[in-house]
Amino acid sequence: MRTEIIAVGSELLLGQIVNSNAQFLSQQLAEIGLNVYYHTVVGDNQNRLKHAIETAQKRSNVIIFTGGLGPTKDDLTKETIAHHLGKSLVIDQDALTNIEQYYLQTKRSMSENNKKQAIVIEGSIVLKNDYGMAPGMAIDVDETIYMLLPGPPSEMKPMFTQYGRTYFYEKLGFQEHLTSRVLRYFGIGESQLETDIQDLIDLQTNPTIAPLAADGEVTLRLTAKHKSEEAAIRLIDELETKINERVGQFFYGYEQTTLFQKVKELLLAKNKTISAAESLTGGLFSQHLTSLEAASQFVKGGIVCYTNEVKKNLLGVSPLILDDDGAVSEKCASEMASQIRLKTNSDIGISFTGVAGPGKQEGKPVGTVFIGISTNNSTNVYPLHLAGSRHGIRNRTVKYGCHYLVKLLQGIE
């Protein structure tokens, strides 16, 4: 099946928002065996959208639209498609009731144009919107499937996973279960990971392996198909074991788990608390951890000690260390981690010091980083030499901090 995704919205062309819907749908469609050949973006213009539909119809037999289902005049997707297909538009009573109930519950008056969101193409299968107002729809005309989904990702994603995938399974008569699992790695580059498992990638048939690098991390999506879901899971289990026999030291979690969530999970499981002393990261590590639920159970506090004055007077770093070794040094990172642990009475203290840029500091080049981790038993410092922008260095620094914490916590009984 040749599949095309058409995103509708002038805000996409203006760069005001990122077309994350296309990425999500491409991943989802690949899992169920639909090959995406084209991504198209078109503005809120009826003539240009009509042209995009005509072009897609010539080269694709599954066309999925996102956006343009709202209540305003520039929301033209279903109207344009209905006209192209020679179909009428009708009110879906369930959708209209859902919209009316929303306004009753919020004690707001409903403007007349909101009824427009309940309109669907005659003869289409209506896809319920559990997180918004405008329903989606799917219709098969002349051996081409047209699926319309809302633009907001918070509405589109659950609609597709709950109803869109089911539609394709039933419509196309899939007999096999497709099961996927995402493995997450940190501390190894994409090219090195691929080199380490290259023979497995070369021999892949079922399950398949799809590597993806993002923001200093690497993920592998393993996808298996089988008439039995249990058998598909066993196939993935076997492949995961083979992969992690080679690169398991860099593996930290599954699916959408982040390094910060993994640290939280382990801190809670081990009944440990943590505090941070941050120089170059400026509170970024603490910000990520405290954004998680139940943060008060495992985060004691932290100090952003950007200057030597604050390192000395507030954190208690020895002036001799700052004078002799400098703020960007192994000894300073060690002292920062120890002092923050002691001052906050935490089980673990972590520190970040280094040079994020744009220029050298204390004669040390941009990307020089030291991460200290202190416990009751010992204090260790991890030197790093990172490259990239100031923003990138800071982000990767805190992720490396999480990486070392995961290794530490996994070794605690």
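Helices (H or I, at least four residues) and strands (E, at least two) are runs taken from DSSP and numbered from the N terminus.

## Ground rules

What you're looking at is a predicted model, where local features need pLDDT of at least 70 and side-chain atom pairs count only at pLDDT 80 or more, while totals for chains, interfaces and linings use all residues. Residues are numbered from 1 along each chain as its sequence is written, and side-chain values use heavy atoms, with hydrogens and water left out.

## The five-stranded sheet

Let's start with the open sheet, whose 5 strands come in the order β14-β13-β15-β16-β17 with mixed pairing. Two strands pair if DSSP finds at least two bridges between them. β14 (299-304) and β17 (379-385) sit at the edges, each pairing on one side only. From one strand to the next, the twist averages 15 degrees. For angles, axes are lines fitted to C-alpha atoms (for helices, over the stretch in contact), and values run from 0 to 180 degrees between N-to-C directions.

Helix α15 (residues 390-410) packs on this sheet, touching β13, β15 (348-354), β16 (368-374) and β17. Contact here means heavy atoms within 4.5 Å. The direction of α15 makes about 30 degrees with that of β16. As for β13 (residues 274-278), it runs parallel to β14, and 5 bridges join the two.

Strand β7 (residues 136-141) has 5 of its 6 residues buried, so it is largely enclosed by the rest of the structure. Buried means under 20% relative accessible area, exposed over 50%, and partly exposed in between (1.4 Å probe, protein chains only).

β7 pairs with β6 (residues 125-127) in the antiparallel sense over 3 bridges, and I125 stands opposite A138. β7 is also joined to β8 (residues 144-149) by 5 bridges, again antiparallel, with D140 opposite I145. β7 and β8 make a hairpin with 2 residues between them, and D142 in the turn has a positive phi of about 55 degrees.

## A buried threonine

T66 belongs to strand β3 (residues 62-66) and is buried, with a relative accessible area of 4%. Leaving aside residues up to four places away in sequence, T66 touches I6, A7, V8, N21, L25, L149, P150, G151 and M156.

## Two helices packed together

Helix α12 (residues 308-315) and helix α14 (residues 330-344) pack at about 35 degrees, with their axes 11 Å apart. On the α12 side you'll find K311, L314 and L315, which meet C332, M336, Q339, I340 and K343 in α14. By class, this contact has 5 nonpolar, 1 polar and 2 charged residues. Here Ala, Val, Leu, Ile, Met, Phe, Trp, Tyr, Cys and Pro count as nonpolar, Asp, Glu, Lys and Arg as charged, and the others, Gly among them, as polar.

Most residues other than glycine have a negative phi, and most peptide bonds are trans. Here are some spots to check against that. The bond from N206 to P207 is cis, with omega near 10 degrees, and P207 is in the loop between α8 (198-202) and β10 (208-214). G357 and P358 are also joined by a cis peptide bond, with omega about 15 degrees; P358 is in the loop between β15 and β16.

E255, not a glycine, has a positive phi of about 50 degrees. E255 lies in the loop between β12 (251-254) and α10 (259-270) and is partly exposed at 35% relative accessible area. Back at N271, phi is positive too, near 55 degrees, and this residue counts as exposed at 66% relative accessibility.
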